[in-house]
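This briefing is intended for a reader who will inspect the coordinates directly. Please consult the sequence and the structure shown here before turning to the grouped points.

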Amino acid sequence: MNPAPPLRAITFDLDDTLWEIGPVIRAAEARMEGYLRRHFPAMAQRLPAGEVRRRMNALAAQRPELAHHVTALRMTVLREAAHAAGDPPQAAELAFGTFIAARNAVTPFTDAAQVLRALGARFALASITNGNVDLAATGLADLFRIRVSAESAGMAKPHPAIFHLTCEALGVAPEETLHIGDDPECDVAGARAAGLRTIWFNRPGHRWPGPGQVPIHVRQLSDLLERLLPGGPNS
Ligand SMILES: [Mg+2]
């Protein structure tokens, strides 16, 4: 077997890898629901807490061609609710606006910028997300050479093609690339199947649920520096 080629690029998942997302989404949903109750009460009545998410999941199952596009899913649910309530279509746009502004208000982990800067000095960095965060709003956008989303790619992780098109955009081969993310299926299994190396970002300290062998994992981003930069154990 040939030795592994040198590592040239690193791709990062975003949500729950560079910041915690659960509380941000819950706050954004609550803000949107509050906005609807105040301005479009008939529409709000059709969308009790959690209903938008339930309908998005149902829609993704019914219409696989939309499943990778969380913005389209949410907008479709909101437009249908506005229509059913007799509210103007703009109600959906305005409600989405309140959601996405709060959704973009993520707080990167305290070591995120420093770690990305240090790794970016040695490797080509890209982000790959299934979500719809506006990276420019996070202050981290400039630290990535390439920014890929499921919405821009037309397919979501764990599809191997989203990893391959990112590698191609970076000008590297999959086996010269390491993907880091929190989701065992989307990030670790997906990147493995695409031929990338992987590190599981396991901040909560979960047991590896499978499939496949237990991956290398780190519990904080700064642990990556030791592993990946000169002087570290893997250099
Ligand atoms: Mg994630």
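Which residues coordinate the magnesium ion? The donors are Asp13 (OD), Asp15 (O) and Asp182 (OD), at 2.1 Å.

The model is predicted: local features require pLDDT of at least 70 and side-chain atom pairs count only at pLDDT 80 or more, whereas totals for chains, interfaces and linings use all residues. Residues are numbered from 1 along each chain as its sequence is written, and side-chain values use heavy atoms, with hydrogens and water left out.

**Metal site**

- Donors are N, O and S atoms within 2.8 Å of the metal (3.2 Å for Na, K and Ca); water is not among the atoms, so sites may look incomplete.
- Along the sequence, the donor residues of the magnesium ion follow the spacing D-x1-D-x166-D.
- Both Asp13 and Asp15 are buried; buried means under 20% relative accessible area, exposed over 50%, and partly exposed in between (1.4 Å probe, protein chains only).

**Overall fold**

- The protein has 10 helices and six strands, where helices (H or I, at least four residues) and strands (E, at least two) are DSSP runs numbered from the N terminus.
- Its radius of gyration is 19 Å, close to the 18 Å that the globule rule gives for 235 residues, so the protein is as compact as a globular protein of that length. The radius is taken over C-alpha atoms, and the rule is 2.2 Å times the number of residues to the power 0.38.
- Along the principal axes, the C-alpha atoms fill a box of roughly 65 × 35 × 35 Å.
- Of the 235 residues, 51% are buried.
- Among contacts (heavy atoms within 4.5 Å) with a separation of 6 or more, 59% join residues 24 or more positions apart.

**Helix 6**

- Helix 6 (residues 112-120) has Ala112, Val115, Leu116 and Leu119 buried. Viewed down the helix axis, the buried residues fall within an arc of 95 degrees, so they line one face of helix 6; the arc is that of the directions from the helix axis to the C-beta atoms.
- An α-helix has 3.6 residues a turn, so residues three or four places apart point the same way.
- Strand 1 (9-12), strand 2 (124-129) and helix 10 (223-228) pack against the buried residues of helix 6.

**Helix 9 and its ends**

- In helix 9 (residues 184-193), the buried residues include Pro184, Cys186, Asp187 and Val188.
- Helix 8 (160-170), strand 4 and strand 5 (197-201) are among the elements covering the buried residues of helix 9.

**Thr177**

- Thr177 belongs to strand 4 (residues 177-181) and counts as buried, at 0% relative accessibility.
- The Thr177 side chain reaches the backbone oxygen of Ala173 at 2.9 Å.
- Not counting residues up to four places away in sequence, Thr177 touches Leu7, Ala9, Thr11, Cys167, Val172, Leu196 and Arg197.

**Cysteines**

- The structure contains zero disulfides, a disulfide being a pair of cysteine sulfur atoms within 2.5 Å.
- The closest cysteine sulfur to that of Cys167 belongs to Cys186 and is 17 Å away, too far for a bond.
- Cys167 counts as buried at 1% relative accessibility, and Cys186 counts as buried at 18%.

Key:
A polar contact is a pair of N or O atoms within 3.5 Å; within protein, one must be able to donate a hydrogen and the other to accept it, and residues adjacent in sequence count only if both atoms are side-chain atoms.
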